[in-house]
Amino acid sequence: MPENKHYIDGHTHLENGDLSKDTVYAFIQAAINKGLKHIQILDHTHRFYEFKDMYEEICKIDVQREWFEKKQKNSIKEYYALIEEIRQEEFPIQVSFGLEVCYMPGYEDFLKPLLTSYPYDFLVGSVHSVDGYLYDMDAFSRQLLWDKHDPKEIYQKYYENLKGAIRSNLFTQIGHPDVIKMYGYDPGYDLHDTYQELADLAIKHHVKMEDNTGAHYRYHHPDIGLNDDFRNILKEKNVEIISASDAHYPEDVARFFELLK
């Protein structure tokens, strides 16, 4: 298998499998098959009981509470144990472990001890909700959020939260920084100033920005990864960009990387 021009997949999930070595092996083998040199494996904080209190506002809405309760599966200590087992083994590529954290303003003090209690290799900060509404759930997000609020306000609040995630200094990497576009709603304003500010913040706070293909293959957005203007601004300012598939299944590791710019 030839080496992939994008040597790393920086965002792959165990979410749809159990916390077992076999699940991890499947992702590692997929990365090897794709010609990668490095895979970063993580899971969402909503999987782990210890982060439950952070989702209180989201759970005020019945359908979101039902979604969240189905996602709660494990103690974070089980994840720690799995990581320690895997770290005892050798693989032909580099394997790193982290978390994808649902960043919400006001929970920085709650998160810090949880995120520093274990030596993760990386920590991804992502924004998955706006004012307590999950924005990317096909089953209910349009009804609860997009059909009731001005897309301009949704975009603005999303990006303000993303800036807060960067300023928090809790994360080494920002997940899918423009995924709010996934349903194709027009933001109603020029995003270039926002892209410039995010790039400046990324440099100041030493975080990587993902070029994430998930919005393309999961939501059929025409952008393969980042908006071209956003990517160009990040490159012009020498922000470190990390290729990411957002794979929830091994077969999606490095998906569409061959089309990333």
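I take two rings of Phe, Tyr or Trp as a pair if their centres lie within 6.5 Å. The model I examined is predicted.

Entry 1: I placed Tyr80 in helix 3 (residues 76-87) and Tyr118 in the loop between helix 4 (108-116) and strand 4 (122-126); the pair links distant parts of the chain, 38 residues apart. I noted Tyr80 as buried because its relative accessibility is 16%, and Tyr118 likewise counts as buried, at 9%. I also found that Tyr80 and Tyr118 form one aromatic cluster with Tyr120.

**Entry 2: Tyr183 and its contacts.** I looked up Tyr183 and Tyr219 and found ring centres 5.7 Å apart and planes at 85°, so I listed the pair as edge-to-face. Tyr183 lies in the loop between strand 7 (173-174) and helix 7 (192-205), and Tyr219 in helix 8 (residues 214-219), so this pair ties together parts 36 residues apart in sequence. Tyr183 is buried at 15% relative accessibility, and Tyr219 is buried with a relative accessible area of 15%.

**Entry 3: cavities.** I counted one cavity of 30 Å³ or more. For the largest cavity I recorded a volume of about 30 Å³. I listed its lining as His176, Asp178, Val179, Lys181, Asn212, Ala215 and Gly225. I sorted these lining residues into two nonpolar, three polar and two charged.

Key:
Residues numbered from 1 in each chain as written. Predicted model: local features only at pLDDT ≥ 70, side-chain atom pairs only at ≥ 80, totals over all residues. Heavy atoms only, no water. 1 Å grid on protein atoms, 1.4 Å probe; cavity = no way out; pocket = protein on both sides within 12 Å on 5 of 7 lines; lining within 4 Å. Points joined across faces, edges and corners; volume = space filled by probe spheres on them. Nonpolar A, V, L, I, M, F, W, Y, C, P; charged D, E, K, R; others polar. Helix = DSSP H or I, 4+ residues; strand = E, 2+ residues; numbered from the N terminus. Buried < 20%, exposed > 50% of the residue type's maximum accessible area, 1.4 Å probe, protein only. Phe/Tyr/Trp six-rings, centres within 6.5 Å; stacked < 30°, edge-to-face > 60°.
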